[in-house]
Amino acid sequence: MTGKIYNFSAGPAVLPTEVLEKAQNELLSLDGIGMSVMEISHRSKHFEAILSSAISGIRELLNVPKNYRILFLQGGASLQFSMIPINFLSKNEAADYVVTGTWGKKAIKEAKRCGGVNTIFSTADTNFRSVPAQDELRFSENASYVHYTSNETIEGVEFKYDLDGRGVPVVCDASSNILSKPIDVEKHALVYAGAQKNIGPSGVTLVIIHDDLIEKVPENQHSMLDYRALAENNSMLNTPNTWGIYIINLVCEHLKKHGGLAQMEKKNEEKAQLLYDAVDASEGFYLGHADREARSLMNVTFRLPSEELEKQFADEATAQNLDGLKGHRSVGGIRASIYNAFPKEGVQALVDFMKDFARKNG
Ligand SMILES: Cc1ncc(COP(=O)(O)O)c(C=O)c1O
């Protein structure tokens, strides 16, 4: 180890040190049972206790009502792009999609294979800088569901409200802001999130699904794509990602111990504010990508006056132990991902670096 690295990676991303240390301590022998969590059967009482605790942890943190099931699936958030339409969108039906960034576009691509897609709102023309206000959304009559992405990780734009489907079931890709703040689960029929930003390691996808939606799963569905079968088998239709679920459980315990999601939101607001203030104070040297009202608390995206300077910025930052700041390959620029576990001191270190860099190169 060469000193402390501040890890701004968009995901897989930084995890709480406390969680990593606990996992390290228990790596060879879970709770004194003499075996690693990776070596025991998913049907063992030890693992069942971990699964059950992880489910309760998510339920408690997000205040998930009893008539929703909590699943830990595989295939990433990307498989949900397909599983949702495979189950809830047939050839003669249409679903509404709200597109505010790259991931929403990808979700549509998969949905189109199954049935009709109405893009009821898209910010593509303005390069994904904003999100619609609730009143700007007009849902289609008989839409099977409406899909939105609560935080677009690549562009750094975030909804500041939970979308209300006005009777249309709401499906939310919350991969990059789940557990960063309280949400109203009851406004949604299904919320999904790849774990690798705020919940745990990659390889597990959290799905929170309303019982009524489970009822709509078609008969004779392929088992591994069948939300009903997955729910009936408590996410253990096949061997689940036991290690991932174990870490998720530790992350939940950690979040509960540190004040839950209200406290996370407060901290996340403070961290993001520090960074956006640095962008705004730079007199145009740094240009934020997202419109002010849509600025993400999780992924702070900005440009510099030239691509050369952006490269130099990322390289010099890396040399100063500020890692992972290069923007996504599809859009360039700089992206600082500051999920729950990212420390405020790291944000301050980046702000100091930004000031210094602008002074030398502005
Ligand atoms: C908002 C969002 N949706 C979906 C995905 C895809 O997730 P996965 O790699 O788990 O399939 C990502 C990944 O970064 C994401 O940020």
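Q: Across which strands does helix α4 lie?
A: Contact means heavy atoms within 4.5 Å. Helices (H or I, at least four residues) and strands (E, at least two) are DSSP runs, numbered from the N terminus. Here α4 (residues 102-111) lies across β3, β4, β5 and β8 (170-173). Its direction runs at about 165° to β3, where axes are lines fitted to C-alpha atoms, for helices over the stretch in contact, and angles run from 0 to 180 degrees between N-to-C directions. The model is predicted: local features need pLDDT of at least 70, side-chain atom pairs count only at pLDDT 80 or more, and totals for chains, interfaces and linings use all residues. Residues are numbered from 1 along each chain as its sequence is written, and side-chain values use heavy atoms, leaving out hydrogens and water.

Q: In what order do the strands of the open sheet come?
A: Two strands pair if DSSP finds at least two bridges between them. The seven strands follow the order β2-β10-β9-β8-β5-β3-β4, with mixed pairing. Because β2 (68-73) and β4 (116-122) each have a single partner strand, one side of each lacks a neighbour in the sheet. From one strand to the next, the twist averages 20°.

Q: How many bridges join β3 to β5?
A: Two bridges join β3 (residues 94-99) to β5 (residues 146-149), and the strands run parallel. D96 has V146 in β5 as its bridge partner.

Q: Why does the length of α8 agree with expectation?
A: The expected span is 1.5 Å times one less than the number of residues. The 21 residues of α8 (residues 260-280) should therefore span 30 Å, and the end C-alpha atoms are 30 Å apart, which agrees.
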